[in-house]
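Morning, everyone. I have one structure to walk through today. Please look at the screen.

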Amino acid sequence: MLILGAVAMLAAFAFSTQSEAQSGPFNGLAGVWSGGGTVTLDDGSSERIRCRATYAVGESGHGLNQTLICASDSYKFDLRSNLIAEGGQISGNWSEMSRNISGTIQGRGGNGLIQVVASAPGFDASISVTTRGNRQSVAIRSEGALRSATIALSRS
């Protein structure tokens with residue numbers, strides 16, 4: 001569950017396609033986004049997942065606070081993240097509230113594409129997020145119980 005939660009939370013790491021010279025990379029993300037996708041587990045099985053994210057943007061578009069609630073047929077989780085972007089670098093923290101688990105995020109981003117690694121004790125996941133207008137696509141890879149995920153979100 002930890003891995004799926006971290007993966008889905010990373011859908012929040014999308015960048016707007018607006019110029020970073022004029023504003024921060026999180027400008028344009030504020031509001032409610034929703035969507036779904038598929039997760040593949042280490043036993044090869046796959047499952048559909050539905051997600052709803054709320055983004056609060058601050059610090060001239062260089063800060064992002066996010067709440068993400070996702071559910072599949074077998075579980076539900078509640079994730080929070082706090083991110084900062086400086087000079088193309090992204091860093092921050094995430095936590096899964098119902099399981100009391102947390103970790104860090106480090107990576108790079110710009111021009112609508114980000115690539116980060118989410119970490120917690122015994123867990124690392126590589127995440128790639130692409131944002132175009134009101135649509136986001138997320139691809140995740142991990143060696144844990146969750147092998148991969150693809151998630152698509154759109155702004156309400």
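A quick definition first: pLDDT is the predictor's confidence in each residue, on a scale from 0 to 100. We need that here, as this is a predicted model. The protein's mean pLDDT is 79. Of its residues, 83% reach 70 or more.

Now the start of the chain. Over residues 1-22, pLDDT stays under 50. The model still has 85 contacts there beyond four places in sequence. Where pLDDT is low, predicted coordinates should not be read in detail.

On to the strands. E1 covers residues 31-41, and E2 covers residues 46-58. They pair antiparallel, over 10 bridges. The E1–E2 hairpin has 4 residues between the strands. There, Gly-44 takes a positive phi near 90°.

E2 also joins E3, residues 63-72. Again antiparallel, with 10 bridges. Arg-52 stands opposite Ile-69 in E3. This hairpin has 4 residues between its strands, too. Here Glu-59 takes a positive phi, near 50°.

Last stop, Arg-155. It sits in strand E10, residues 146-155. Ala-30 is 125 residues away along the chain, yet the C-alpha atoms of Ala-30 and Arg-155 are separated by 9.1 Å.

Note on methods
Residues are numbered from 1 along each chain as its sequence is written. This is a predicted model: local features need pLDDT of at least 70, side-chain atom pairs count only at pLDDT 80 or more; totals for chains, interfaces and linings use all residues. Side-chain values use heavy atoms; hydrogens and water are left out. Contact means heavy atoms within 4.5 Å. Two strands pair if DSSP finds at least two bridges between them. Helices (H or I, at least four residues) and strands (E, at least two) are DSSP runs, numbered from the N terminus.
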